[in-house]
Amino acid sequence: MPPIAATLAPVAGGIAPTTGHLVDVADLFDFTHSRPHRPEEPVGERRRYRTVWISDVHLGTRGCNADMLIDFLDHVDSDTMYLVGDIVDGWQLKKRFYWPAAHNDVIWRLMKRARRGTRMIYIPGNHDEMFRQFAGLDFGGIKIRRKAVHETADGRRLLVLHGDEFDAITLSHRWLAHVGDAAYTALMTLNRAVSAVRRKFGMPYWSLSKHAKAKVKNAVAFISRFEEIVAEAAGDRGVDGVVCGHIHTAEIRDIAGVAYYNDGDWVEGCNALVEHFDGTMEILNWGDEIARRETPTVTALAA
Ligand SMILES: [Mn+2]
């Protein structure tokens, strides 16, 4: 597998033909002439927001719910979009190369968005830290930054960052982060098995890991400690709030006068954080949205 940075070099010869399930990384960065493997869904009018934040997509891992994210991107549009880190999982890709066509399709849609005129800001996280070296640069219309300050429609200033900056404080030992990572990967495998069985029986998407995590006292303590530390750091910088990802737990919470927002993830929750045109913030749960769309209404049943 070539190092990720090597794939940034422009590729001569256009689109590499795709064979089988995995695709050539080469055609990842040629978006001018390429088409997605799954065509964009022709939705009449995309739902529009002022701002959308997503993070922790973990492309390059089996845990990534790329199909649900593709569905989200085909139904939702915004003036500004922040990619708040861990979009590509370089850690996992280094161990084992995994890149199905759907993962290319996600990147294709993000690049397309930038070309359509959406203001795109990408803040790499710890799993895609190899892109941090490009902070300050623009890449296909996507601005790569270490952090950003977003001004809401109602005039509040929000610090936007991934959140791994606080691992040193929230996790007393660095190796714990790696043990946590291994345990997490194992849990995700189990999560996929449960999801597959549920799909077979026509049951809606339900995250085992999300529910397991909520039941574990330590995880709950870790999450609230993380939220408090991030909010406190944002307060010290004089902003009104903070938007982050990293812990895969979507949340909107006031912490001592600082607005804490976490946009969740696309491994367990399939969440996005959105800002309406009046500055109101909301967490979207895309699994619920799909279920609602696919459930026949009472009137349709009566007809
Ligand atoms: Mn992270």
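**Confidence.** Begin by colouring the chain by pLDDT, since this is a predicted model. The mean pLDDT of the chain is 83, and 79% of its residues reach 70 or more. Next, select residues 1-21, where pLDDT stays under 50. The model has 26 contacts beyond four places in sequence for this stretch. Where pLDDT is low, predicted coordinates should not be read in detail.

Select helix 1 (66-75) and helix 8 (286-294) together. How do their axes cross? The axes of helix 1 and helix 8 come within 10 Å, and the crossing angle is roughly 75°. Angles of 65 to 115 degrees count as roughly perpendicular, and helix 1 and helix 8 are therefore roughly perpendicular to each other. Now display the side chains at the contact: Met68, Asp71, Phe72 and His75 of helix 1 meet Trp286, Gly287, Ile290 and Arg293 of helix 8. Sorted by class, this contact has 4 nonpolar, 2 polar and 2 charged residues.

**The second largest pocket.** Move on to the second largest pocket, which holds about 820 Å³ of space. To find its centre, select Asn65, Asp67, Met68, Arg199 and Tyr205, the closest to that centre of the 32 residues in the lining. Helix 1, helix 3 (101-116), helix 5 (174-200) and helix 8 each give two or more residues to the lining. Which element supplies the largest share? Helix 5 does, with 7 residues. By class, the lining divides into 14 nonpolar, 10 polar and 8 charged residues.

**Glu151.** Finally, select Glu151, which is found in strand 6 (residues 148-151). Leaving aside residues up to four places away in sequence, Glu151 touches Arg50, Arg156 and Arg157.

Methods
Residues are numbered from 1 along each chain as its sequence is written. This is a predicted model: local features need pLDDT of at least 70, side-chain atom pairs count only at pLDDT 80 or more; totals for chains, interfaces and linings use all residues. Side-chain values use heavy atoms; hydrogens and water are left out. On a 1 Å grid over the protein atoms alone, a cavity is a set of points where a 1.4 Å probe fits but cannot get out, and a pocket is an open set with protein on both sides within 12 Å along at least five of seven lines; lining residues have an atom within 4 Å of a point. Grid points are joined across faces, edges and corners, and a volume is the space filled by probe spheres set on the points. Helices (H or I, at least four residues) and strands (E, at least two) are DSSP runs, numbered from the N terminus. Ala, Val, Leu, Ile, Met, Phe, Trp, Tyr, Cys and Pro count as nonpolar, Asp, Glu, Lys and Arg as charged, and the others, Gly among them, as polar. Axes are lines fitted to C-alpha atoms, for helices over the stretch in contact, and angles run from 0 to 180 degrees between N-to-C directions. Angles under 35 degrees count as roughly parallel, over 145 as roughly antiparallel, 65 to 115 as roughly perpendicular and the rest as oblique. Contact means heavy atoms within 4.5 Å. pLDDT is the predictor's confidence in each residue, from 0 to 100.
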